[in-house]
Amino acid sequence: MGSKNKLKRFGENETFGNVFQPTREEVVSNSFALKGKWNQDFFNNNNPIVLELGCGKGEYSVGLATKFPNKNFVGIDIKGARFWRGAKTAVETGLHNVAFVRTQIELINHIFAENEVDEIWITFPDPQIKYKRTKHRMTNSEFLQLYKKILKPDGIMNLKTDSEFMHGYTLGLLHGEGHEVLYANHNVYTNEGAPEEVTEIQTFYEKQYLEINKSITYIRFKIK
């Protein structure tokens, strides 16, 4: 993407009422105004809050928000030029139950309060295959404990990925640490039982994976 396009998208994001781009200083000092008040001050309802971490273009957040109008969705990504597409689509289609925040995943406990979130989706994260990149894997032990801080006690986690490595790593870690695996499938399009939203909503890259017959895996679990 050219720098002019990026600048244009950054500029448009500034005009969208569903986009929040706090500075790192604002976030770490706990001055982000919506923390603990998402339903009260933004969504104006008491519906469950669902996050998509590393939301990319926001296709999944928008897809889920369309499918589940009685839930609130927030896409998180550090790259605003990417989720511009999802934010713009939501604005153009009058979708009021979805928002986007430009911030780092490791700071989400400064964006949401304890027990404020009902469900988290991680869709097609970088598997960070090299051992020295373990700390960056979005389902490692440290990240799971971070998610637990903002999830309600019965909160649900979802991992959808094309990476067999990420699927296997996560399953092994979940079993090893005693977390509750509710459902696991190494190929959601050939095996039965996957929730509708797993197979009905597809990202741009997922469609490309499917064209070359790459398996899409999915795990639904609770953090203990």
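**Sheet and pocket in a predicted model**

Reader: In the predicted model, in which sense do E1 and strand E4 pair?

Author: E1 and strand E4 (residues 98–102) are joined over 2 bridges. The sense of the E1 and E4 pairing is parallel.

Reader: Which strands are the edge strands of the sheet?

Author: The sheet is open and holds 8 strands with mixed pairing, in the order E1-E4-E3-E2-E5-E6-E8-E7. An edge strand here pairs on one side only. The edge strands are therefore the two ends of that order, given that strands count as paired if at least two bridges are found between them: strand E1 (19–20) and strand E7 (180–185).

Reader: What angle does the direction of helix H5 make with that of E4?

Author: Helix H5 (residues 80–93) packs on the sheet and touches E1, E3 and E4. Between the directions of H5 and E4 the angle is about 165°.

Reader: What angle does the direction of helix H6 make with that of E6?

Author: Helix H6 (residues 141–150) also packs on the sheet, in contact with E2, E5, strand E6 (151–161) and strand E8 (217–222). The direction of H6 makes with that of E6 an angle of about 135°.

Reader: Which residues are the closest to the centre of the largest pocket?

Author: The largest pocket holds about 830 Å³ of space. Its lining comprises 31 residues, divided into 13 nonpolar, 8 polar and 10 charged. Elements that give two or more residues to this lining include strand E3 (72–77) and helix H9 (204–211). Closest to the centre of the pocket are Gly54, Asp77, Arg82, Asp126 and Met138.

Key:
Residues numbered from 1 in each chain as written. Predicted model: local features only at pLDDT ≥ 70, side-chain atom pairs only at ≥ 80, totals over all residues. Heavy atoms only, no water. 1 Å grid on protein atoms, 1.4 Å probe; cavity = no way out; pocket = protein on both sides within 12 Å on 5 of 7 lines; lining within 4 Å. Points joined across faces, edges and corners; volume = space filled by probe spheres on them. Helix = DSSP H or I, 4+ residues; strand = E, 2+ residues; numbered from the N terminus. Nonpolar A, V, L, I, M, F, W, Y, C, P; charged D, E, K, R; others polar. Contact = heavy atoms within 4.5 Å. Axes fitted to C-alpha atoms, helices over the stretch in contact; angles between N-to-C directions.
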